[in-house]
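Here is a quick tour of a model, going strand by strand and then on to the ligand. Have the structure open while you read.

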Amino acid sequence: MRNLGGKTVLVTGGGAGIGEAIVRRFVAEGARVMIADIDAAAGKAVADVCDMPFVQLDVGDVASFEQAIAATVVQLGRLDILVNNAGVASLRAPIHASTLENWHRVINVNLNGVFYGMRSALARFVEQGSGVIVNLSSIAAMVAFPELPPYNAAKAGVSQLTREAAVEYARYGIRVNAVAPTGVWTPMNARTALETDDPAGFEKGLTNMNPMPGTASAEDIAAAVAFLASDDARFISGVTLPVDGGYTAV
Ligand SMILES: NC(=O)c1ccc[n+]([C@@H]2O[C@H](COP(=O)([O-])OP(=O)(O)OC[C@H]3O[C@@H](n4cnc5c(N)ncnc54)[C@H](O)[C@@H]3O)[C@@H](O)[C@H]2O)c1
C-alpha cells in the first residue's frame, strides 16, 4: 500500500477526465479528497458518487483558490496533498495569428492557476513542515506541438515551477513533482476533436501517437499521480514524469 490512507487531498478539475480519475484513485487508496472544479454540476456529481466534499473553484482567480484551500482545511482538518490538475485546451493558431484573448485565457488557467495553488498551499505546508504537490504538466512541456503556443509555454512553465519549488522547499520536508501525460481521450480532447475537420481522424491520431500501442487512459495518469503523492516517492522531488508510452524517448 502507498500510505495514502487518511491523507487529505485537494484535486483541482476533479469533475471530469484525468481529474476525476485522480479523485477516484485517491479515494480507493483511503484518502479523503476535496473535489474542486469550476463546473459545479460535474464536480458535485463526482463528489456525490465518492461521498466526498465539493468546492467550486476557478483556479485562474487567486482569491477563489485561497478560499478553496481554506475550505479544504476546514472540512478535512488539514491539507496534505495538492493536485494541480485543472487545465484548458488552446485554440489552434501559429503565434502570428494568435489572439491575445486565447493567450491570456490559457496562460491564466494553465500557468497562473498552478502558481496560485502552489503559493497558497506552500504557505500552509511551510507552517506544518510537510506537504506534497503534484502538478499536471504535459509532453507539450518537452516537445513543441505546432499551433498551440500558450499551451506549450504554460506546460513548460509548470515543469519549471515544479523544479524551482522542489529545490526551494526541500528543506521544509515538502516535495513537488509533475506528471506529463501524452494524449488521453478525455472530455478535453473530445471537444478538441469536434473542432477539427476530421474528428475520427483526430481520435485515431491520439491512439497511434506513441511507440507503445494503444492509448493512455486517465487511470494510467492517476496511477502516476498517486505514486508521486505517496511515501513510496519519499525521495523524489522536482521531476516531471512522462506517462507517454515512450513518446518523449524517441
Ligand atoms: N487529455 C490530454 O490528452 C492531456 C494531455 C496532457 C496533459 N493534460 C492535462 O491534464 C489536465 C486535465 O486534462 P483533461 O484532459 O482531464 O481535461 P478535461 O477538460 O477533460 O477536464 C478538466 C476539468 O477541469 C475543470 N476546469 C477547467 N477550467 C477550470 C478552472 N479555471 N478552474 C477549475 N476547474 C477548471 C473542468 O471543468 C473539467 O472538469 C490538464 O491540466 C491538461 O492540460 C491532458
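## A word on the model

Keep in mind that this is a predicted model.

Let's start with strand 4, residues 81-84. Ile81 and Val83 point one way from this strand, Leu82 and Asn84 point the other way, and all are buried.

Strand 4 has partners to look at. Strand 1 (residues 8-12) pairs with strand 4 in the parallel sense, over 3 bridges, and Leu10 has Leu82 as its bridge partner there. To get from strand 4 to strand 5, follow helix 4 (residues 100-128): the three elements make a right-handed β-α-β unit.

## Strand 6, covered on both sides

Next up is strand 6, residues 174-181. How many of its residues are buried? The count is 8 of the 8, so strand 6 is largely enclosed by the rest of the structure. Ile174, Val176, Ala178 and Ala180 lie on one side, with Arg175, Asn177, Val179 and Pro181 on the other, and both faces are covered. Note that Arg175 and Asn177 are among the buried residues.

Strand 5 (residues 131-136) runs parallel to strand 6 and is joined to it by 6 bridges. One of the contacts to click on is Val134, whose bridge partner in strand 6 is Asn177. The chain gets from strand 5 to strand 6 by way of helix 5 (residues 149-169), in a right-handed β-α-β crossover. Strand 6 also pairs with strand 7 (residues 240-243), again in the parallel sense, over 4 bridges. In that pairing, Pro181 has Val243 as its bridge partner.

## Around the ligand

Now for the ligand. Which residues come closest? Of the 29 residues that surround the ligand, the closest are Gly13, Gly17, Gly87, Thr186 and Met188. Helix 1 (17-28) and helix 6 (187-194) are the elements that give two or more residues to this shell. By class, the shell has 14 nonpolar, 12 polar and 3 charged residues.

Why does the ligand lie between the two domains? Domain 1 (8-181 + 217-242) and domain 2 (187-215) both contribute residues to the shell, so the ligand lies between them.

Technical notes:
Residues numbered from 1 in each chain as written. Predicted model: local features only at pLDDT ≥ 70, side-chain atom pairs only at ≥ 80, totals over all residues. Near = placed C-beta within 6 Å. Nonpolar A, V, L, I, M, F, W, Y, C, P; charged D, E, K, R; others polar. Domains from an automatic or database assignment. Buried ≥ 20, exposed ≤ 12 C-beta atoms within 10 Å, placed from the backbone. Pairing = 2+ DSSP bridges. Right-handed = clockwise from strand over helix to strand, strands pointing away.
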